[in-house]
Amino acid sequence: MSGATITLADLREVDLFDGLTDPELQRWVDVAQLEEHEVGDILSEQGEPARGLTLLLDGDVRMLIVDGSRTEPMGHQHAPTWIGAVALITGGTTAARMQAETVCRVAFIPPQDFLEFTLAQPAVHRRVMGAIEPVMSRLAGVERNREHLASLGTMAAGLAHELNNPAAAARRAAAQMADALDVLSSTLGRFVESGIERSEAQKLVALQEEALYRANACTALDVLDAADREDELVALMESFGVDNAWELSEPLSSASLDDEWFGRVHEIAGPVTGGVLRWVAASLTARGLAAELAESTQRMSELVGAVKSYAYMDRGALVHVDIHEGLETTLTILHHKLKQTKIKVVRDYDRELPQITVYGSELNQVWTNLLDNAIGALGDQGTITISTQRDGDCVEVRIADDGPGIPDELGDRVFEPFFTTKGVGEGTGLGLDTARRIVVNRHDGSLSFTSTPGSTVFTVRLPLTATATAD
């Protein structure tokens, strides 16, 4: 650490501040917290809340992804540069560990100051929003990885659809957030031009904070009531001389702001009431978009985590696992099929079962085939029941559905290679044959079924002892 001071010249080297005047840049200097770090020091840790915007003034740092005791290089950053803006904008956590490779001089801008200055200075917020593009490119890379799942057939397409929805939402939110920030920055300039006094500006900031507070406190019923109030708000704002009031009605009504709040704004702002209301509406919109962006990226992270768990990546061929882990990740992978139906999934798990040693990714193919067949048998509605229990020296997993059942004349053929009851092009007839070979040949277990109209049950029995073998 160092007690040295930071100067305008220090920050002038960072391209984030290109185009700022000395007074504008001085605001950043005044709040910057200067530190000096030795080789190996950790400047920020993965998964923790961001300390603030990181300004690397001198030295080099490396970015590392931490997975338990393993670390994977993600890249290097060389001074002068800035790091961590996206996490601050979205309210997320630090994406990677940042560690000094050389002696470093670093300044941190506190999160609240960063957000305030970014909204107030157009040149800065344009560069910040530009930093979101590489993040979107990485998300697109997640979608490209679906090529590695080609062997899983139509399931890969379903997973791609699941990933595309939150990715598209994230891109849309990023674009709309840039528009909201443009409104915020330009509005502040109009306030200055209109001659609003400091005391009045403080009152307007208090009204903006009140609007944000009310929006956070809204319930689902409040949102429904707000939709009915939009026309009233348009009329009220037009009476204040606000142009294109309909553009502001949705975000302002969603915050449950009453007539008294609007009256206070008009009393203080007078002829610039429209500008103030646009400023508040943009603030509400930006807050909502940041939440949407965070939710979308979280959903993508969950999906990628499910795929990694499904394939047991980085854990070798044989793994010692809780049998329920594979069942749950398989359900996540098949979510795209289930959500298009009214099928109910019932879990009856014995959580006291011990872990077993299996070929994890292969066993998940068994769960995939059995669950996919159950979904296909039910069509649009019905119930799938997944139960687990201990049976002597084995773990027993049952996957049951209340569909029409398997006709007696077909029962002897379900495990035959290339036999299928599905239409042309809908199945290869290899699913149950593959499942049986994995259970019997690879795990020394058994796979059987019983079926009557309204009840089909496939039972997988796996030894508790580590008997998984190669073909």
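1. Strand E4 (residues 60-67) pairs with strand E7 in the antiparallel sense, over four bridges. Two strands count as paired if DSSP finds at least two bridges between them. Helices (H or I, at least four residues) and strands (E, at least two) are DSSP runs, numbered from the N terminus. If you want a spot to look at, Leu-64 has Arg-97 as its bridge partner in E7.

2. Before going on, a word on what you're looking at: this is a predicted model, where local features need pLDDT of at least 70, side-chain atom pairs count only at pLDDT 80 or more, and totals for chains, interfaces and linings use all residues. Residues are numbered from 1 along each chain as its sequence is written, and side-chain values use heavy atoms, with hydrogens and water left out.

3. Back to E7 (residues 97-100). Strand E2 (residues 42-44) also runs antiparallel to E7, joined to it by two bridges, and here Ile-42 has Gln-99 as its bridge partner. Which way do the residues of E7 point? Arg-97 and Gln-99 go one way, Met-98 and Ala-100 go the other, and all are buried. Buried means under 20% relative accessible area, exposed over 50%, and partly exposed in between (1.4 Å probe, protein chains only).

4. Now helix H4 (residues 111-120), where Phe-114, Phe-117 and Thr-118 are buried. They sit on the same side of H4, because they cover an arc of only 100° around the axis. That arc is taken from the directions from the helix axis to the C-beta atoms. Among the elements covering the buried residues of H4 are helix H2 (22-31), strand E3 (53-58) and helix H5 (122-130).

5. Have a look at Asp-372, in helix H15 (residues 360-378). Asp-372 counts as buried because its relative accessibility is 18%. Its side chain makes a polar contact with the side chain of Lys-337, at 2.5 Å. (A polar contact is a pair of N or O atoms within 3.5 Å; within protein, one must be able to donate a hydrogen and the other to accept it, and residues adjacent in sequence count only if both atoms are side-chain atoms.)

6. Most residues other than glycine have a negative phi, and most peptide bonds are trans. Asn-244 isn't a glycine, yet has a positive phi of about 50°; it lies in the loop between helix H9 (220-239) and helix H10 (246-254). Asp-444 isn't a glycine either, with a positive phi of about 55°, and is exposed at 52% relative accessible area. Meanwhile, a cis peptide bond joins Ala-79 and Pro-80, with omega about -5°.

Technical notes:
Contact = heavy atoms within 4.5 Å.
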